[in-house]
Amino acid sequence: MIDIKRHNAGFCRDHFLVHCREQVRRAIHDHKMVEPGDRIVVAVSGGKDSLALWDLLVGLEYDVDGLYLGLGIGEYSGESVQFARKYASARGLKLHEVDLQDDLGFTVPGAASVTHRSPCGACGLSKRHVFNTFARDHGYDVVATGHNLDDEAAVLLGNVLRWETGYLGRQHPVLPSAPGFVRKVKPLVRLGEREMAAYCVLQGIDYQVEECPMAEGNRHLGYKEVLNALEERSPGSKASFLFGFLERAHAQFATVAVEEREGLSACIECGSPTTSEICAFCRLRERASGVSLGEGR
Amino acid sequence: MKILLRNPRREIEVSGPCTVASLLHRLELNPESVLVIVGDELVTRDARLDDSASVEIRPVISGGAS
């Protein structure tokens, strides 16, 4: 049994699995995330959200493969890839792998140290770049990520606290395709992370429970704690906050995001859309790997 | 009761019996941020835990969202 306070309901195993599948189906339908014939690549970390997402999309009979990005975070990365491989091989699914160190010459801890960025900042930038370019170069129409209701509510809180209008305009379950950008979707947006962990336990999906050692003190963890304290006192707060924003406020910020996208040009190094001559990822890679830009051209 | 906690992984002993809700309250854990697992089964807040139970309290919050 699992209890979900915001639905004021307890579910047995079978009905809980149906609930998860229906929430994903509804998110995909309501936000027009996938077109018939689309090839999807799921960004797989070895954690609960991405493995549950892959499992749910396979269950809904989408054409979907996985992509794991090795971040070079010591033992943590060494373990996470094993969870991703184990899940894929047990089900006969295709898992692509890209390794920051082997394929691009740097690691997240190394990049954070050299550039004085937060590790999460370097990690997020690398993931966004690699998942998009890999999908673009390998004929995938859609990148699906395991961002769930809690992730999105926490990001929204952070963006509202700082009134980040550009980020608010881009915060949506679907980022449409554009020149240089593959469509990006978040099919778990209607499910909380407690539900995703429960889904994995009930489906027998072995995932990496241990938290990334570099995430300690991460701002978003603090936002999640605050939101969970609110949720405990007032179940449904997180969903109301996020879906209220999407239904009633997002459109007012969307123009800013569209204008920002229209002002992008191609990075002279990798061709990815950027606001400057060389994209943020190529600049990060140059500093972190010590390989000068242009040497790889 | 033997309680397995994660992040970092460690075991503690807590006297029982008690409900899941009271155990989480004693450990100052928000029920929204964990799953409680006994054997292979998920248990709800009102479930009663015997003094001999082996319980895993598994955190569900992951960070690093960007």
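## A:E286 and its helix

In this predicted model, A:E286 touches A:V291, A:S292 and A:L293, once its neighbours within four places in sequence are left aside. The residue belongs to helix α13 of chain A, which covers residues 280–289. A:E286 counts as partly exposed because 19 C-beta neighbours lie inside 10 Å, and a residue is called buried when 20 or more other C-beta atoms lie within 10 Å of its own. Along the chain A:E286 and A:L104 are 182 residues apart, yet the distance between their C-alpha atoms is 9.7 Å.

The buried residues of α13(A) are A:F281, A:L284, A:R285 and A:A288. Viewed down the axis of α13(A), these buried residues fall within an arc of 100°, so they line one face of the helix. An α-helix has 3.6 residues a turn, so residues three or four places apart point the same way. After α13(A) comes A:G290, which has a positive phi near 80°.

## The sheet of chain A

Chain A holds an open sheet of six strands, arranged in the order β5-β4-β3-β6-β8-β7 and with mixed pairing. Its edge strands are β5 and β7 (174–175) of chain A, each of which pairs on one side only. Strand β4 (residues 63–70) and strand β5 (residues 95–99) of chain A run parallel and are joined by five bridges. Within this pairing, A:G66 has A:L95 as its bridge partner in β5(A), while A:G70 stands opposite A:D99.

Helix α3 (residues 74–91) of chain A forms, together with β4(A) and β5(A), a right-handed β-α-β unit. The helix α3(A) also lies across β3, β4 and β5 of chain A, and its direction is at about 165° to that of β4(A). Helix α2 (residues 48–59) of chain A lies across β3 (39–44), β4 and β6 (142–144) of chain A, running at about 155° to β3(A).

Across the two chains, 20 residues of chain B are in contact with 31 residues of chain A. On the side of chain B that touches chain A, the residues divide into eight nonpolar, eight polar and four charged.

Most residues other than glycine have a negative phi, and most peptide bonds are trans. B:P8 is placed in the loop between β1 and β2 of chain B, whereas B:P17 is found in the loop between β2 and β3 (18–19) of chain B.

B:N7, which also lies in the loop between β1 and β2 of chain B, has a positive phi near 55° although it is a residue other than glycine. B:N7 counts as partly exposed because it has 14 C-beta neighbours inside 10 Å. In chain A, A:H116 is not a glycine and yet has a positive phi of about 60°. The place of A:H116 is in the loop between α5 and α6 of chain A, and with 7 C-beta neighbours inside 10 Å, A:H116 counts as exposed.

Key: Residues numbered from 1 in each chain as written. Chains lettered and ligands numbered in written order. Predicted model: local features only at pLDDT ≥ 70, side-chain atom pairs only at ≥ 80, totals over all residues. Contact = placed C-beta atoms within 7 Å. Nonpolar A, V, L, I, M, F, W, Y, C, P; charged D, E, K, R; others polar. Pairing = 2+ DSSP bridges. Helix = DSSP H or I, 4+ residues; strand = E, 2+ residues; numbered from the N terminus. Right-handed = clockwise from strand over helix to strand, strands pointing away. Buried ≥ 20, exposed ≤ 12 C-beta atoms within 10 Å, placed from the backbone. Arc of directions from axis to C-beta. Axes fitted to C-alpha atoms, helices over the stretch in contact; angles between N-to-C directions.
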